Amino acid sequence: MARALLMVALALHVAGVALAAVGELRHRTLVSRSGAAVLVAAWVGELVTLIVLGGTAAAFPLRTGPEYLLVLGWFVLTLHLALWFRLHVRAASLVLPPVAGLLVLSAFLFSAGKSQDNTLRTQGWFVFHTSIATAGVAALAVAFAMSVLFLVKERALKSKRSLRVLEMLPALEALDRLGFQALLYGFPLLTLGIATGMVYSAAVHNRLWIWGLKEIFPVIAWAVFAVILWARFARGVRGRRSAILAIAGFAFALLTFVGMVR
């Protein structure tokens, strides 16, 4: 049942991404709003899928790598809808829903919803660790999206050709500010996720650190985002360099899931 629900949610997600992109790129308000409505339906479908997964296994739906991807995709879509409805950052429709959709698609392709033999323990401290870490990566996805839009807008300003892009995207200062605010939320959550993961590892494996991909990549991502914060607060660095680093940091954060689904 969960597999069928996920397929429906994924189809809605793809339709919502297409409508939202067309609405923003062609400045069609009605199409854009229709895309947002379909994405809300996809959000509900993904949430119901997670509830069914948890109810079927009588466990929090973070037992496997594919479930991590599904939860992260749902988190990212949640933050996008918050940006769209509360802050009216409509341009985020070009980045965040596609990122969330790729995560949900990956969950589907890696068999989320099927019975798994190599499931992970999902009790107490582990649930707290994984939930905090996943929420942190989702917040950093917003920083990634704002960084991508920042670089696109900056390039359009320099070329002075893409007038439609200039009209569609918020000001560079607004994009930089939103990305930095997302980083201020995501970085502490990622830090707490890494710390609680080490505590969990010590309790289960009797050592704080295991040299696996899902341990190495989060620390690399953490280091990149730490450099961004240091550069901004200590050196006043912002704009293009900060955006490029944020994109790199999010890429490393996503590579964490390679170690969970391989």
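**Chat about helices and a surface patch**

Me: Which residues does Thr 49 touch, leaving out those up to four places away in sequence?
Reply: Thr 49 touches Ala 2, Leu 5, Leu 6 and Leu 70, once residues up to four places away in sequence are set aside; please keep in mind that this is a predicted model.

Me: Where does Thr 49 lie, and is Thr 49 buried or exposed?
Reply: Thr 49 lies in helix H2, which covers residues 29-57, and Thr 49 is buried because its relative accessible area is 1%, where buried means under 20%.

Me: Switching to H9, what should helix H9 span?
Reply: Helix H9 has 16 residues, 240-255, so at 1.5 Å a residue it should span 22 Å, and its end C-alpha atoms are 23 Å apart, which agrees.

Me: Which residues of H9 are buried?
Reply: The buried residues in H9 are Ser 242, Ala 243, Ala 246, Gly 249, Phe 250 and Ala 253. They cover an arc of only 125° around the axis, so they sit on the same side of H9.

Me: Now the surface: which residues make the nonpolar patch?
Reply: Trp 125, Phe 128, Leu 192 and Val 199 make a nonpolar surface patch of about 350 Å², to which H5 and helix H7 (172-205) each supply at least two residues.

Methods. Residues are numbered from 1 along each chain as its sequence is written. This is a predicted model: local features need pLDDT of at least 70, side-chain atom pairs count only at pLDDT 80 or more; totals for chains, interfaces and linings use all residues. Side-chain values use heavy atoms; hydrogens and water are left out. Helices (H or I, at least four residues) and strands (E, at least two) are DSSP runs, numbered from the N terminus. The expected span of a helix is 1.5 Å times one less than its number of residues. Buried means under 20% relative accessible area, exposed over 50%, partly exposed in between (1.4 Å probe, protein chains only). The arc is that of the directions from the helix axis to the C-beta atoms. Contact means heavy atoms within 4.5 Å. Patches are made of residues with over 30% relative accessible area and no salt bridge: like charges are joined within 9 Å, nonpolar side chains (Val, Leu, Ile, Met, Phe, Trp, Tyr) within 5 Å. Accessible areas come from the Shrake-Rupley method with a 1.4 Å probe; for residues, only the protein chains shown count as cover. A salt bridge is a side-chain nitrogen of Lys or Arg within 4 Å of a carboxyl oxygen of Asp or Glu.
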